[in-house]
Amino acid sequence: MTDTAVVSLPYFEQDALKVAAFLGADHVPYSPEAFPELFRTRKRIIALMSMGIVVRQLAPLLSDKWTDPAVVVISPDFRYAIPLLGGHHGANALARELAGLGLVPVITTATESRGRDSVESVAERAGMAVVNRDSTRSVNAALLDRDVPDENPPFVGLDR
């Protein structure tokens, strides 16, 4: 078992198997039990189905942006990779990785959609953890507003 799973409806199984092979991930056929199980056991979930199905399945499972897995939805036409959950916690990077299959990543987080780093991505690259999690919104706003220089990202509230 890997930390990444691709879940799909039967109609989209061939594309899901292509994604699973590309990522070295497991393929899981969709069932009512699929998302609850994957949410507990995987760090990254890719769903090849409509966003509405995924939202309805995940809503009761959501707990904390720091512990919930990264979730990316691939549009049924196999054109877009849309981070749905955990954009700053791996979903944006996963959507960009899926661009290797010709998918267009649709990044909607304020910082990264404008080509700016988030404090979470800076911390991850530096091998650090965000300690003052409540500060991320204001730090990301500062990064977005360019109140923090690119050359010296903030490490306030980060711990190695």
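Here is a tour that begins with the sheet and ends on a helix. Keep in mind that this is a predicted model.

**Stop 1: the sheet.** Show the strands as cartoons. You'll see an open sheet of six strands in the order S2-S1-S3-S4-S5-S6, and the pairing is mixed. Its edges are S2 and strand S6 (104–105), each of which pairs on one side only.

**Stop 2: S1 and its partners.** To get your bearings, pick Ala 5 and look across to Asp 26 in S2, which stands opposite. Getting from S1 to S2, the chain passes through helix H1 (residues 13–23), and this β-α-β crossover is right-handed. S1 also pairs with S3, again in the parallel sense, over five bridges.

**Stop 3: helices over the strands.** Bring H1 back up: this helix lies across S1, S2, S3 and strand S4 (70–74), and runs at about 175 degrees to S1. Now switch to H3, which lies across S3, S4 and S5, at about 20 degrees to S5.

**Stop 4: helix H2.** Select residues 34–41 and show side chains. Which residues of H2 are buried? They are Ala 34, Phe 35, Leu 38 and Phe 39. Because they cover an arc of only 120 degrees around the axis, they sit on the same side of H2. Finally, display what the buried residues of H2 pack against: S1, S2, strand S3 (44–48), helix H3 (51–58) and strand S5 (80–85).

Key
Residues numbered from 1 in each chain as written. Predicted model: local features only at pLDDT ≥ 70, side-chain atom pairs only at ≥ 80, totals over all residues. Heavy atoms only, no water. Pairing = 2+ DSSP bridges. Helix = DSSP H or I, 4+ residues; strand = E, 2+ residues; numbered from the N terminus. Right-handed = clockwise from strand over helix to strand, strands pointing away. Buried < 20%, exposed > 50% of the residue type's maximum accessible area, 1.4 Å probe, protein only. Arc of directions from axis to C-beta. Contact = heavy atoms within 4.5 Å. Axes fitted to C-alpha atoms, helices over the stretch in contact; angles between N-to-C directions.
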